Protein chains: 2
Amino acid sequence: MEKKLASTPISGKLLSGGSLAAACSTCSLRELCVPGGIPVSELEKLDALVAMRRRVKRGDTLFNVGDEFRALYAVRSGFFKTRITSSDGRDQITGFQVPGELLGFEGVATEQHGVDAIALEDSEVCILPYGELERIARDFQPLQHQLHRVMSREIMREHNVMLLLGTMKAEERVAAFLLNLSERYRHLGYSSNEFILRMTRQEIGSYLGLKLETVSRAFSKFQEQGVIEAQGKKIRLLDIEQLRKLVSSHKG
Amino acid sequence: MEKKLASTPISGKLLSGGSLAAACSTCSLRELCVPGGIPVSELEKLDALVAMRRRVKRGDTLFNVGDEFRALYAVRSGFFKTRITSSDGRDQITGFQVPGELLGFEGVATEQHGVDAIALEDSEVCILPYGELERIARDFQPLQHQLHRVMSREIMREHNVMLLLGTMKAEERVAAFLLNLSERYRHLGYSSNEFILRMTRQEIGSYLGLKLETVSRAFSKFQEQGVIEAQGKKIRLLDIEQLRKLVSSHKG
DNA sequence: GGCGACTGTTGACTTGAGTCAAAGGAGCAA
DNA sequence: TTGCTCCTTTGACTCAAGTCAACAGTCGCC
């Protein structure tokens with residue numbers, strides 16, 4: 001189905017950073033990504049690390065469960081989902097990743113990837129070879145600390161997903177999902193009240209622990225209430241304040 | 001069942017490691033905890049780090065949401081739960097921690113703790129001051145790597161909880177919970193088919209995204225089926241294989 | 001050693017989300 | 001453009017889990 005661990009650059013997939021404008025120090029995402037909080041003057045220490053990039057076409061996987069873990073990936077452009085599959089055939093989307101976010105931490109523990117990472121649109125990632133990353137982090141405290149912060153943030157994010165899955169009703173989940181996505185787009189400098197969903201209703205449902213019909217009904221209801229406007233994947237948030245109230249509607 | 005932490009209780013709460021047999025190199029939990037995978041001959045490097053211990057009485061908190069993050073904690077004896085609370089008053093138990101497991105990673109990102117950690121029985125933890133931990137990890141690659149492995153394992157654990165919350169029915173969740181606990185006790189060298197639950201039905205329910213009545217009914221049903229024997233908090237697993245089947249009963 | 005407050009069990013009823021089904025719409029490929 | 005596939009919406013029905021309530025058991029504390 002997918003390439004068997006390509007250590008050798010395969011046609012059109014790997015780009016050397018050298019010929020391009022190159023790495024972190026000039027990247028517009030640097031504040032959101034690995035370099036966050038590291039003084040710009042010191043970023044050249046990272047530039048050697050992220051010399052490689054890779055393109056992933058819509059529908060293709062960046063890595064699969066069981067693949068040898070060799071690197072973390074920073075999303076440069078595009079949109080990903082990560083998916084866990086259990087031995088008895090269940091699956092669950094564990095997250096969606098937008099530019100500036102990192103993929104692959106779940107692989108450190110076992111040296112094998114623990115999720116599938118799938119591009120939901122044509123995407124590009126920076127490759128951060130993990131051994132090198134650890135080596136540089138040993139000599140360069142700000143990178144070490146930032147790496148820990150990013151992993152910790154992922155743990156907090158998952159706590160919040162657990163709270164959502166464990167305590168919220170269907171419409172509350174959908175409202176929380178829309179607000180979260182909106183917030184992340186705002187953070188990236190995109191419009192936060194009008195965007196194209198990159199995923200299907202079924203994928204939203206999988207992430208939120210709901211069936212696709214339930215997601216669809218929630219969208220329809222919010223639209224009736226004038227809170228959002230939804231035409232297929234095109235979403236406009238009309239009343240963010242009301243959407244916030246919908247998240248905490250469980251009492252009152 | 002377990003040693004009653006001997007020695008001198010200094011001011012009741014903090015114990016200096018010096019006077020005790022001391023830290024990681026002689027700890028019976030070392031393979032399960034931070035020192036895992038680090039050669040015993042090098043463990044003295046850790047012993048300086050974990051010089052302090054702390055006792056926490058049943059019902060007391062080790063730390064609360066919002067507390068300044070200064071250290072990670074390794075459970076030495078006892079049992080903890082961690083709990084997240086949202087601004088609108090929901091709460092959710094995000095995990096239970098047994099000896100050898102670490103608490104506090106969620107605090108690295110913001111330098112404030114993101115959950116409450118509450119002892120479910122009288123417990124003792126080793127204090128790992130975080131700044132020192134990072135400093136030592138910079139000079140000592142095996143520790144650095146182990147630290148990353150442990151954080152990564154926590155991320156994987158949470159993925160699996162998301163799968164449980166997102167895809168499993170009530171009885172499947174309860175069966176999965178019992179098997180998970182059993183496995184962790186086995187790993188610690190305790191009986192894996194007979195143990196005392198340290199948490200209430202309500203706490204199990206909070207962790208599993210269920211109401212306490214639903215948890216209780218699942219226990220009763222498993223008992224009727226002869227799969228477990230449950231008398232209040234005393235649990236005996238009679239048929240582990242059947243319990244495994246109950247986890248994946250969703251099809252067939 | 002007994003009282004009171006948690007904790008757990010069980011039953012009856014309600015309800016929110018899942019299931020099944022049908023049909024319309026969007027997007028891609030030839 | 002046509003046709004095909006996949007995605008989305010909506011309706012009718014079902015059922016798993018939540019809610020409410022009563023009561024029993026247990027534990028810890030005075």
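Helices (H or I, at least four residues) and strands (E, at least two) are taken here as DSSP runs, numbered from the N terminus. The model is predicted, so that local features need pLDDT of at least 70 and side-chain atom pairs count only at pLDDT 80 or more, while totals for chains, interfaces and linings use all residues. Residues are numbered from 1 along each chain as its sequence is written, chains are lettered from A and ligands numbered from 1 in the order in which they are written, and side-chain values use heavy atoms, with hydrogens and water left out.

**Exercise 1. Describe the protein surface near DNA strand D, and state which element gives the most to that surface.**

Step 1. A residue is near a strand if one of its heavy atoms lies within 4 Å of it. There are 16 residues around DNA strand D, and those that come nearest are A:Arg201, A:Ser216, A:Ser220, B:Ala170 and B:Thr214. Of the atoms of DNA strand D that come within 4 Å of the protein, 64% belong to sugar and phosphate.

Step 2. Next come the polar contacts, where a polar contact is a pair of N or O atoms within 3.5 Å; within protein, one must be able to donate a hydrogen and the other to accept it, and residues adjacent in sequence count only if both atoms are side-chain atoms. For B:Arg217, a polar side-chain atom lies 2.8 Å from a base oxygen of DNA strand D.

Step 3. Two or more residues are given to this surface by helix H6 (212-224) of chain A and by helix H6 (212-224) of chain B. H6(A) gives the most, with five residues.

Step 4. For the classes, Ala, Val, Leu, Ile, Met, Phe, Trp, Tyr, Cys and Pro count as nonpolar, Asp, Glu, Lys and Arg as charged, and the others, Gly among them, as polar. The surface near DNA strand D then has eight charged, five polar and three nonpolar residues.

**Exercise 2. Carry out the description for DNA strand C, and find which helix supplies the largest share of the surface.**

Step 1. DNA strand C is surrounded by 16 residues, of which the closest are A:Ala170, A:Thr214, B:Arg201, B:Ser216 and B:Ser220. Sugar and phosphate make up 65% of the atoms of DNA strand C that come within 4 Å of the protein.

Step 2. A polar backbone atom of A:Ala170 is 2.8 Å from a phosphate oxygen of DNA strand C, whereas an N or O atom in the side chain of B:Ser220 is 2.5 Å from a phosphate oxygen. The side chain of A:Arg217 has an N or O atom 2.8 Å from a base oxygen of DNA strand C.

Step 3. The largest share of the surface near DNA strand C comes from H6(B), with five residues.

**Exercise 3. Determine how H5(A) and H6(A) are oriented to each other.**

Step 1. Axes are lines fitted to C-alpha atoms, for helices over the stretch in contact, and angles run from 0 to 180 degrees between N-to-C directions. The axes of H5 (residues 201-208) of chain A and H6(A) come within 8 Å and cross at roughly 105 degrees.

Step 2. Angles under 35 degrees count as roughly parallel, over 145 as roughly antiparallel, 65 to 115 as roughly perpendicular and the rest as oblique. H5(A) and H6(A) are therefore roughly perpendicular to each other.

Step 3. With contact meaning heavy atoms within 4.5 Å, H5(A) contributes A:Arg201, A:Gln202, A:Ile204 and A:Gly205, and H6(A) contributes A:Leu212, A:Val215 and A:Phe219.
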